[in-house]
Amino acid sequence: MSDIRRYLDGQLQEMLNTLRELVELESPSRDKRLTDRLGAHLAELFEKLTGGTALVIDNEPFGNHIRGEWGEGPEQILLLAHLDTIWQEGDLADMPFRIEEDRVYGPGVFDMKGGIVQGLYALRALRELDKPLAAKVVFLCTSDEEIGSLSSRPLIEEEARKSRYVLVLEPAMGPQGALKTSRKGMGLFHLEVQGVSSHAGVDHRNGRSAIEELAHQIIALHSMTDYEQGTTVNVGIISGGTASNVVADKAEAEIDLRIASRSEADQVVPLIKALVPQTEGTTVKVEGGINRYPLERTARVAEMFEIARSIAKEELGLDLSEAGTGGGSDGNFTAPLAPTLDGLGAVGDGAHAKHEHLILSQMPVRSALLAHLLAKLDERIAGRTVPE
């Protein structure tokens, strides 16, 4: 067992106490007052635990972002996290922080306050065990990831451009805690259909149903799904019409696109944008585009995973696996700019569900994995191992 792992095993109760503090400071994405309260606490906590410095980045209308900095090297490694959750103020009363055997429950405990705690204590372990890095570590914790990173994306991309590596503290995947070496990209589109209204009983012939046209468009959109390419198109919300006895003159739909590669996005997005009406007398209008490009499993991402897998085996006695996911994260923003490895947060289950939980005994293990990985990547940056 490595000295880092032994140290963090001894910190488990303190890690649990810190996790409780973060979970019980509720932080809904759209509640600036609450997210700012947690952000201020997190900034203080970063300085206390790591000895680094923390900057509160003022932000409107969503919560402030927190940028922690540890070390002083000219190069940097980015740790990426978010402090907001999908849970609302008061949900804590129905989902109290609690421990049942080896599981810890509570809103945001798995996605992703457990990952934040593991990141903080990884840096603390390096500090307390006198293992300085040649590169500085930037710990960026944003406030609006769960609602699309509406204000934080420019900041995330700015830091990624300055970073040699990006490590994302989103939850690991599945019961084995696989790291995420790929994520699908995501596109969001709004489709509006305009028809001609008429009385459904008296003058049906002269109407042009926007709902009928929308039905044609839904079939066309869903036919673009290609599982072999990793592409899915889903019309998830539809609306239209005013009454059953009126031929609808307007209908709308919200469309979700997932793609596994940028090249596939370049193929499918123009098809969605080029939709044409199938019903005479109707028009269609499509707005939207790619929100997040894919995090693709490039050679450098695979290399980062192999480093992590080797560390897990040799230092922690852990068989580490990798996986891909259809969900997006802020790692999708950083992937085109710097090699990005995701899923380095908590091991557990139930993100966005009432049974959300993490595995307590895995917290020091995954925190140790992160600390070792930071040290190993730092060696590569400093040229103390085989160059990249």
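Over the ring of which residue does the charged end of arginine 98 sit? The ring is that of tyrosine 105, and the charged end lies 4.2 Å from its centre.

## Basis of the model

This is a predicted model: local features need pLDDT of at least 70, side-chain atom pairs count only at pLDDT 80 or more, and totals for chains, interfaces and linings use all residues. Residues are numbered from 1 along each chain as its sequence is written, and side-chain values use heavy atoms, with hydrogens and water left out.

## Charges over rings

Arginine 262 also has its charged end over a ring, that of tyrosine 293. Here the distance to the ring centre is 3.7 Å. A charge sits over a ring if NZ of Lys or CZ of Arg is within 6 Å of the ring centre and within 35 degrees of the ring normal.

## Nonpolar cores

The largest nonpolar core has 68 residues. Leu167 and Leu374 touch the most other members. Helix H5 (residues 109–128) gives the largest share of this core, 11 residues. A nonpolar core is a set of buried Ala, Val, Leu, Ile, Met, Phe, Trp, Tyr and Cys residues joined through side-chain atoms within 4.5 Å. Buried means under 20% relative accessible area, exposed over 50%, partly exposed in between (1.4 Å probe, protein chains only). Helices (H or I, at least four residues) and strands (E, at least two) are DSSP runs, numbered from the N terminus.

Leucine 167 touches, among others, Ile77, Met304, Leu341 and Leu374, not counting residues up to four places away in sequence. Another core, of 21 residues, lies apart from the largest one. Its members include Leu191, Ala251, Ile255 and Ile272.

## An aromatic pair

The whole structure holds 1 aromatic pair. Phenylalanine 46 and phenylalanine 139 form it, edge-to-face, with 6.0 Å centre to centre and 80° between the planes. Rings of Phe, Tyr and Trp (its six-membered ring) pair if their centres lie within 6.5 Å; planes under 30 degrees apart count as stacked, over 60 as edge-to-face and the rest as tilted.

Phenylalanine 46 lies in helix H3 (residues 32–50) and phenylalanine 139 in strand E6, so the pair ties together parts 93 residues apart in sequence. Phenylalanine 46 is buried, at 3% relative accessibility. Phenylalanine 139 is buried too, at 4%.

## Helices H3 and H5

H3 and H5 pack at an angle of about 25°, and their axes are 9 Å apart. The two helices are therefore roughly parallel to each other. Contact residues include Leu42, Phe46 and Leu49 of H3 and Ile116, Leu120 and Arg124 of H5.

Axes are lines fitted to C-alpha atoms, for helices over the stretch in contact, and angles run from 0 to 180 degrees between N-to-C directions. Angles under 35 degrees count as roughly parallel, over 145 as roughly antiparallel, 65 to 115 as roughly perpendicular and the rest as oblique. Contact means heavy atoms within 4.5 Å.

Serine 149 is in the loop between strand E6 (136–142) and helix H6 (153–161). Serine 149 is buried, with a relative accessible area of 2%. Beyond its neighbours within four places in sequence, serine 149 contacts Asp144, Arg292, Asp330 and Phe333.

Threonine 283 belongs to strand E14 (residues 283–292). Threonine 283 is partly exposed, at 46%. Its C-alpha atom is 48 Å from that of leucine 38, 245 residues away along the chain. Alanine 40 is in helix H3. Alanine 40 is partly exposed, at 37%.
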